[in-house]
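Please open the structure in your viewer and keep the selection panel at hand. The stops below follow one another, and each begins with something to select.

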Amino acid sequence: MSMPEPVEALSPETPLVSLHNVHLSFGDTEVLRGITMEVFRGQAVSVIGPSGSGKSSILRCITGLLRPQRGEILVDGFDVQSLKAEADLIALRKRVGFVFQQYNLFPHLSVLENLILAPVHAVGISRQEARARARALLAKVHLEDKENAYPGQLSGGQQQRVAIARALAMRPDLILFDEVTSALDPETVGEVLGVIRELVEDGMTCVLVTHEMAFAREVSDQVYFTEGGRIVESGPPERLFTDPRCERTRVFLRRGV
Ligand code: ADP
Ligand code: MG
């Protein structure tokens, strides 16, 4: 795996992820109009905003799944825009975990098999080592008794916790969560948020796109509010949620749209 040289030496003050003036269009549609944000190691950063404001696109740019037309994206010092070879993009995605609304577990594989697949085939660790890691991760997401279950036998919240364990199995530097509780029954939302809260407390670097405002307020170090492909406002949650500077943020927090 050949990653290019880091753009700059890493110091504790260097963000793990930084986006600078990122512009993304699909044809004539400008989806991101100059996004600038930073995520420091160990931080939890939330991105909130109305539907269609560009939140998922931001996450997809960070993993190199979408290629912006303009701007700079650095992940751990690597310039994502300059990664051309497929091998380099795959290497980047091993370092950046991604958990979606749809958990997309393999239905014909047991929970344990779902967790060892990528570590064995994409990283090349032994099955024995992968199994040991998978069991430790199942304990972390409080599903140690489900290793032999199949996804269809689990609740939505349990499946999402397996999906989080699967992302952790790659030992990523950070995890991106894109509305991971939006498709869940209300009674299982809390158990998934609980697992994310524990990850944040453990110091895992997280970027959370979420509609769970109370949760974002509780766990985030920094909150970004997006609208129309721009960051309208950002700040620490205790300020942004109680005293938003922009009327648009105020309206969104009041009405949720
Ligand atoms: P959010 O996650 O905040 O709901 P998205 O990042 O998914 O917003 O989408 C932002 C805008 O980009 C939306 O208007 C959406 O319709 C548009 N969009 C997203 N993906 C595509 C695509 N592949 N082609 C065209 N437009 C897209
Ligand atoms: Mg989205």
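How many bridges join strand 1 to strand 2, and do the two run parallel or antiparallel? Select strand 1 (residues 17–26) together with strand 2: eight bridges join them, and they run antiparallel. Helices (H or I, at least four residues) and strands (E, at least two) are DSSP runs numbered from the N terminus, and two strands pair if DSSP finds at least two bridges between them.

This is a predicted model, in which local features need pLDDT of at least 70 and side-chain atom pairs count only at pLDDT 80 or more, whereas totals for chains, interfaces and linings use all residues. Residues are numbered from 1 along each chain as its sequence is written, while chains are lettered from A and ligands numbered from 1 in the order in which they are written.

Stay with the hairpin that strand 1 and strand 2 form, which has two residues between the strands, and select G27 in the turn, where phi is positive at about 60°. Within the pair, L24 stands opposite L32 in strand 2. Strand 1 also pairs with strand 4 (residues 70–75), in the antiparallel sense over five bridges, and L19 stands opposite I73 there.

Next, display ligand 1 and select the residues around it, among them F26, T29, V31, K55 and S56; a residue is near a molecule if its C-beta atom, placed from the backbone, lies within 6 Å of it.

Now move to the open sheet of six strands, whose order is 6-7-8-3-9-10 with mixed pairing. Strand 6 (96–99) and strand 10 (230–235) each have a single partner strand, so one side of each is left without a neighbour in the sheet. Inside the sheet, select strand 3 (residues 44–48) and strand 8 (residues 205–209), which run parallel and are joined by four bridges; V47 stands opposite V209 in strand 8.

Finally, select C206, which touches A44, L174, I175, F177, I196, L199 and V200, not counting residues up to four places away in sequence; here contact requires C-beta atoms, placed from the backbone, within 7 Å.

Notes
Two residues are in contact if their C-beta atoms, placed from the backbone, lie within 7 Å.
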